Amino acid sequence: MDKPTHLIEYETMLLGQHRHLDRSAYILLSRIRMEGMMSIGQLSEAFGLDVSTLNRHTSALLRSGLAERIADPGGGIARKFRLTEAGERYLDSERARNINGLEKVLAGWSADDVATFAAYLKRFNTDIERLGGRPWPRPERGPQQGTGARV
């Protein structure tokens, strides 16, 4: 292939150094917020991770009070995870922190440059999701700071 994909690989590797430590909590809570209550099996399917890995991550959410496990309101056997009020506040706070950090990094960029970059990131992510067969739910409009991404 004649495309400089190695340049993207290097930059995405560097991007990883800027992630905060609670990334798994942020991603799990974001997915539950987007989709509503989810069982461990649904989370496993959504992320392509084995149940034991998700048990470790969800146990941490439960211990920290960010999520709770409840009986399936639909009457199913599997228990479901949902965000607690503390989980909602945590997710809103982390999202605001992320947006604030991005605004600092992108301060010298024009609105058009930011929109173009966002469009390319969305295209990149949706192509990865398509190839992996695991699309991420997206709101009709982009998530706003502090409001989460509820649909």
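A residue counts as buried at under 20% relative accessible area, as exposed at over 50%, and as partly exposed in between, with a 1.4 Å probe and protein chains only. By that scale R97 is partly exposed, at 46%.

This is a predicted model, so local features need pLDDT of at least 70 and side-chain atom pairs pLDDT 80 or more, while totals for chains, interfaces and linings use all residues. Residues are numbered from 1 along each chain as its sequence is written, and side-chain values use heavy atoms, with hydrogens and water left out.

**Overall build**

- The protein has 6 helices and 2 strands. These are DSSP runs, numbered from the N terminus: helices are H or I with at least four residues, strands are E with at least two.
- Along the sequence, the pattern reads α-α-α-α-β-β-α-α.
- The protein has 151 residues, and 25% of them count as buried.
- Take the contacts with a separation of 6 or more: 57% of them join residues 24 or more positions apart. Contact means heavy atoms within 4.5 Å.
- The accessible surface is about 10600 Å², and carbon and sulfur atoms hold 55% of it. Such areas come from the Shrake-Rupley method with a 1.4 Å probe; for residues, only the protein chains shown count as cover.

**Helix packing: α2 and α3**

- Two packed helices are described by the angle between their axes and the distance between the axes.
- Helix α2 packs against helix α3 (residues 40-47) at about 110°, and the axes are 12 Å apart. Axes are lines fitted to C-alpha atoms, for helices over the stretch in contact, and angles run from 0 to 180 degrees between N-to-C directions.
- That angle makes α2 roughly perpendicular to α3. Angles of 65 to 115 degrees count as roughly perpendicular, under 35 as roughly parallel, over 145 as roughly antiparallel and the rest as oblique.
- On the α2 side, I27, L28, R31 and I32 take part; they meet L43, A46 and F47 of α3.

**Salt bridges**

- The whole structure holds 7 salt bridges. Each one is a side-chain nitrogen of Lys or Arg within 4 Å of a carboxyl oxygen of Asp or Glu.
- E88 and R33 form one of them, at 2.4 Å from N to O. E88 sits in helix α5 (residues 85-105) and R33 in helix α2 (residues 23-35), so this pair ties together parts 55 residues apart in sequence.
- E94 pairs with R97, with the closest N and O atoms 3.1 Å apart. Both are in helix α5, 3 residues apart, which is about one helical turn. E94 is buried at 10% relative accessibility.
- R130 pairs with D127, with the closest N and O atoms 3.6 Å apart. These two lie in helix α6, again 3 residues apart, about one turn of the helix. R130 is exposed at 55%, and D127 is partly exposed at 31%.
- Salt bridges with shared partners join R33, E88 and D92 into one network.

**Buried residues to look at**

- T58 belongs to helix α4 (residues 51-64). Its relative accessible area is 2%, so T58 is buried.
- Beyond its neighbours within four places in sequence, T58 is in contact with L28, I40, L43 and F81.
- E129 belongs to helix α6 (residues 111-132). E129 is buried too, at 14%.
- Setting aside neighbours within four places in sequence, E129 is in contact with R134, P135, W136 and R138.

**Surface features**

- W109, V114, F117 and L121 make up a nonpolar patch on the surface, with about 330 Å² of accessible area together. Patches consist of residues with over 30% relative accessible area and no salt bridge; like charges are joined within 9 Å, nonpolar side chains (Val, Leu, Ile, Met, Phe, Trp, Tyr) within 5 Å.
- F117 lies in helix α6 and is partly exposed, at 39%.
- E85 is in helix α5 and is exposed, at 65%.
- E85 and L66 are 19 residues apart along the chain, and their C-alpha atoms are separated by 7.5 Å.
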